[in-house]
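Here are my notes on the model you sent over. Have it open beside you as you read, and take the points in order.

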Amino acid sequence: MVDFSYKNITSSMVILKCIGPDRFFLERAIFPQEVFSSMAPEGSQLEIWGIESYGPNLEQRLRVSSSSSSSSLEDLVAA
């Protein structure tokens with residue numbers, strides 16, 4: 001398992017979905033300026049979904065990796 005954190009730097013709520021091996025699944029609503037920390041299996045796929053007037057919108061897709069001891073996804077998502 002790999003530690004990661006995500007900070008929602010937007011002014012709207014987003015949905016974080018993490019899908020990993022062995023049926024691992026995590027879904028969480030992240031409010032503006034909220035920091036969310038968790039653990040996920042190495043190589044899990046992380047999706048950030050925004051909510052638009054016409055429905056959900058996939059804003060970012062990332063891979064959880066142990067390339068650093070504690071991964072912070074804030075900079076990747078903000079880029």
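1. Four strands form an open sheet in the order 3-2-5-6, with antiparallel pairing; strands here are DSSP E runs of at least two residues, numbered from the N terminus, and two of them pair if DSSP finds at least two bridges between them. Strand 3 (24–30) and strand 6 (55–63) are the edge strands, each pairing on one side only. On average, neighbouring strands of this sheet are turned by 20° against each other, direction ignored, with axes taken as lines fitted to C-alpha atoms. As background, strands of a sheet pair through backbone hydrogen bonds, either parallel or antiparallel.

2. A word on what you are looking at. This is a predicted model, in which local features need pLDDT of at least 70 and side-chain atom pairs count only at pLDDT 80 or more, while totals for chains, interfaces and linings use all residues. Residues are numbered from 1 along each chain as its sequence is written, and side-chain values use heavy atoms, leaving out hydrogens and water.

3. Now the pairing of strands 5 and 6. Strand 5 (residues 45–52) and strand 6 run antiparallel and are joined by eight bridges. A hairpin connects strand 5 to strand 6 through two residues.

4. Which aromatic rings pair up? The structure holds one aromatic pair (ring centres of Phe, Tyr or Trp, its six-membered ring, within 6.5 Å; planes under 30 degrees apart are stacked, over 60 edge-to-face, the rest tilted). The ring centres of phenylalanine 4 and phenylalanine 36 are 6.5 Å apart and their planes are at 65°, so the pair is edge-to-face. The pair links distant parts of the chain, 32 residues apart: phenylalanine 4 lies in strand 1 (residues 2–7) and phenylalanine 36 in strand 4 (residues 35–40). Both phenylalanine 4 and phenylalanine 36 are buried, meaning under 20% relative accessible area with a 1.4 Å probe, protein chains only.

5. The charged end of lysine 17 sits over the ring of tryptophan 49, 5.4 Å from its centre (the test is NZ of Lys or CZ of Arg within 6 Å of the ring centre and within 35 degrees of the ring normal).

6. Finally, the whole chain. Of the 79 residues in the protein, 34% are buried.

Methods:
Buried < 20%, exposed > 50% of the residue type's maximum accessible area, 1.4 Å probe, protein only. Axes fitted to C-alpha atoms, helices over the stretch in contact; angles between N-to-C directions.
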